[in-house]
Amino acid sequence: MTTYNAPVEDMMFLFDNLKDNKEYKEIDKFKEINSDLVKDILVQAAKINQDIVHPLAKAGDDNPCVYENGIVRSPPGYKEAYNKFINDGWTSLSCDPKYGGQGMPKTVSTFFEEMLSSASLSFKLYSELSIGAYNCILHHADEKIKEKFLPKIVEGKWSGTMCLTESQCGTDLGLIKTKAIKNSDGSFSLTGQKIFITSGDHDLTENIIHLVLAKVPGSPHGTKGISLFLVPKFNVNENGSVGSRNGVSTLSIETKMGIKGSPTCVLNFDNAKGFLIGKENKGLSSMFTMMNLERIIVGIQGLGIAETAYQNSLAYCKERKQGKSNDNTNNETDLIIKHADIRRSLMTMKSLIEGQRSLAFWLSQQVDVSLNHSNEKIKKEADDMVSLMTPVVKSFFSDMGMEITNEAIQVFGGYGYTRDQGIEQLYRDNRITPIYEGTNSVQAIDLVFRKVLSNKILDKFVNLIRNEINNNKDNPELKNFSDILEKKIITLLNFAKYLEQKLKIQKDDVSAACNDFLKVLGYVSLGFSWLKMTKISFKNSNKNKDFYNEKINTAKYFFDKIFPRVDSHYQSAITGSESIMKAKFH
Ligand SMILES: Cc1cc2nc3c(=O)[nH]c(=O)nc-3n(C[C@H](O)[C@H](O)[C@H](O)COP(=O)(O)OP(=O)(O)OC[C@H]3O[C@@H](n4cnc5c(N)ncnc54)[C@H](O)[C@@H]3O)c2cc1C
């Protein structure tokens with residue numbers, strides 16, 4: 001079984017030193033959230049994740065969810081842990097105090113999301129979609145629905161789901177067939193089947209609130225005719241108590257490669273009573289409120305699982321002895337941590353993980369500003385950044401999660417491939433993250449066509465990085481890092497120019513390059529994060545020498561060994577799509 005120790009020191013390093021968004025500091029309600037309070041929260045969060053949640057990862061893998069006679073049972077131990085989890089208030093961390101939440105900013109809750117992902121993704125998924133449903137209801141439902149449903153969701157007594165997928169409709173939501181017929185009392189009756197629904201049914205909560213995409217007869221064709229409905233598993237009485245069973249039933253659960261402790265359900269809606277959320281035919285944009293925040297969290301899942309993979313690899317390298325290192329003098333077998341190639345593996349993991357954590361912290365500040373700042377223009381500018389970086393964080397972090405869990409298996413050798421050490425489970429559990437919430441390829445297409453080619457958000461992001469470089473141009477310690485970062489920015493901009501030109505003459509060249517472009521932007525964003533961390537580390541290096549010198553060395557590794565990947569992605573992309581589109585695939 002794996003072990004997990006929450007990286008509280010690294011998280012506090014970010015919180016204390018890298019709240020560098022001045023607009024974030026202007027948000028009144030977060031001014032009280034100081035370092036001592038955050039440290040307290042993180043220490044408590046570490047405790048529940050290490051002691052209570054982490055053992056559930058293996059328990060859920062060994063004893064997956066069971067479906068019997070129409071009922072879904074969670075793995076052993078999940079119910080008790082969930083009760084403690086909600087009694088301690090963890091579902092309410094970032095929710096509005098008006099509905100019983102604790103009102104913490106995303107800068108804090110994102111650390112918690114990472115810890116929970118590291119501890120057990122399966123367990124996390126029971127409450128994760130609840131927060132997605134909370135956000136969607138909060139932003140789009142009328143006050144009556146908010147008052148009826150939100151307090152119970154915030155408390156964790158009721159959970160939430162997101163019901164988009166149908167057997168004929170995954171990425172292409174325009175193909176949805178589930179129908180919603182209006183009743184005389186203003187409610188709707190929903191009929192249809194949804195598949196792959198995470199936490200679609202289980203025994204942890206007294207009710208489940210489904211957010212369902214469906215079509216009202218006569219609505220426009222495709223995605224323009226989709227509406228969003230709230231459909232509870234049990235009807236809710238006027239006084240807020242749980243009433244009769246609604247027309248939603250579970251037909252089966254999936255047998256899966258990973259996240260076996262999380263039920264992935266086929267749900268049947270048979271004249272199920274539902275309530276319209278937002279406007280008719282505008283359901284997709286309302287659902288996007290849920291999906292966009294959710295996509296960032298999927299990226300954080302990749303980061304969290306990668307952290308567990310790294311920690312366990314590091315521990316293993318310090319106990320496993322094989323071969324002799326180059327500086328061996330006593331002719332005895334060495335620990336594998338002495339081998340340069342193993343150290344390269346560990347440094348690849350470490351430099352990606354710490355860079356991503358820092359980028360996620362920066363993005364959390366943008367999300368907080370986009371949701372809470374008093375000035376609409378500032379809110380919109382932050383929202384632009386969030387919109388640019390959401391597909392990057394979702395795809396890049398989940399893909400890096402695959403690379404890092406794969407490296408971890410390699411570090412463990414045969415013991416990584418076999419089950420006992422729990423390392424192969426990390427790879428299997430992470431494998432869903434590049435797929436759900438919109439596949440990574442589709443995220444890359446969205447990034448290029450909607451965010452880079454059709455508006456100027458990329459320029460704004462590049463300006464931010466260049467400001468950081470310029471502000472430090474007289475700092476000799478940072479010169480080498482800044483020079484490399486500037487070169488990579490030039491490659492990024494050349495890449496964007498190439499895409500713009502190709503869009504007019506050969507669209508397939510653009511489509512074939514989207515994944516490479518997303519990677520380039522991902523690495524440049526990490527370079528930006530590493531430059532800022534390096535600056536702080538040089539400044540503070542006489543305080544906590546070991547911590548800051550290690551940061552500087554890891555930055556050097558990132559700039560020397562990881563950053564050249566940018567050029568390889570770019571060079572590959574600009575060869576175009578001829579061979580790709582010419583292939584006959586006999
Ligand atoms: C464990 C699990 C949990 C899930 N949880 C939920 C949930 O809670 N709620 C929910 O609604 N759904 C859920 N899903 C569904 C998930 O979101 C979909 O599987 C995903 O969106 C992809 O859809 P698909 O599987 O139908 O693949 P498809 O859409 O059929 O895609 C197949 C392949 O084609 C590619 N592709 C598709 N369109 C394009 C295009 N235009 N250009 C280029 N390439 C393209 C894709 O990238 C992919 O590689 C879950 C799935 C799983 C496995």
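The largest nonpolar core has 158 residues. A nonpolar core here is a set of buried Ala, Val, Leu, Ile, Met, Phe, Trp, Tyr and Cys residues joined through C-beta atoms within 7 Å. Buried means 20 or more other C-beta atoms within 10 Å of the residue's own; 12 or fewer is exposed, anything in between is partly exposed, and C-beta atoms are placed from the backbone. Leu-211, Phe-229 and Phe-517 have the most contacts inside this core. Take Phe-229. Leaving aside neighbours within four places in sequence, its contacts include Ala-180, Phe-188, Leu-190 and Phe-275. A contact requires C-beta atoms, placed from the backbone, within 7 Å.

Two conventions apply throughout. This is a predicted model, with local features needing pLDDT of at least 70 and side-chain atom pairs counting only at pLDDT 80 or more, while totals for chains, interfaces and linings use all residues. Residues are numbered from 1 along each chain as its sequence is written.

Helices (H or I, at least four residues) and strands (E, at least two) are DSSP runs, numbered from the N terminus.

Most residues other than glycine have a negative phi. Phe-196, in strand 5, has a positive phi of about 60 degrees. Phe-196 is buried, because 20 other C-beta atoms lie within 10 Å. Ser-199 has a positive phi too, about 55 degrees. Ser-199 sits in the loop between strand 5 and strand 6 (207-214). With 26 C-beta neighbours inside 10 Å, Ser-199 is buried.

Thr-250 lies in strand 10 (residues 248-253). It has 19 C-beta neighbours inside 10 Å, so Thr-250 counts as partly exposed. Not counting residues up to four places away in sequence, Thr-250 touches Tyr-67, Gly-200, Asp-201 and Cys-265, among others.

Turn to the helices. The expected span of a helix is 1.5 Å times one less than its number of residues. Helix 5 (residues 106-119) should span 20 Å, and its end C-alpha atoms are 19 Å apart. All of helix 5 is covered: 14 of its 14 residues are buried. Helix 3 (residues 35-62) reaches 39 Å, close to the 40 Å expected. Where does helix 3 kink? The kink, of about 40 degrees, lies at Val-53, shortly before Pro-55. The bend is the angle between axes fitted to the seven residues ending there and the seven starting there.

Helix 15 has 27 residues and reaches 40 Å, close to the 39 Å expected. Asp-483 belongs to helix 15. Is Asp-483 buried or exposed? Asp-483 is exposed, because 11 C-beta neighbours lie inside 10 Å.

Technical notes:
Contact = placed C-beta atoms within 7 Å.
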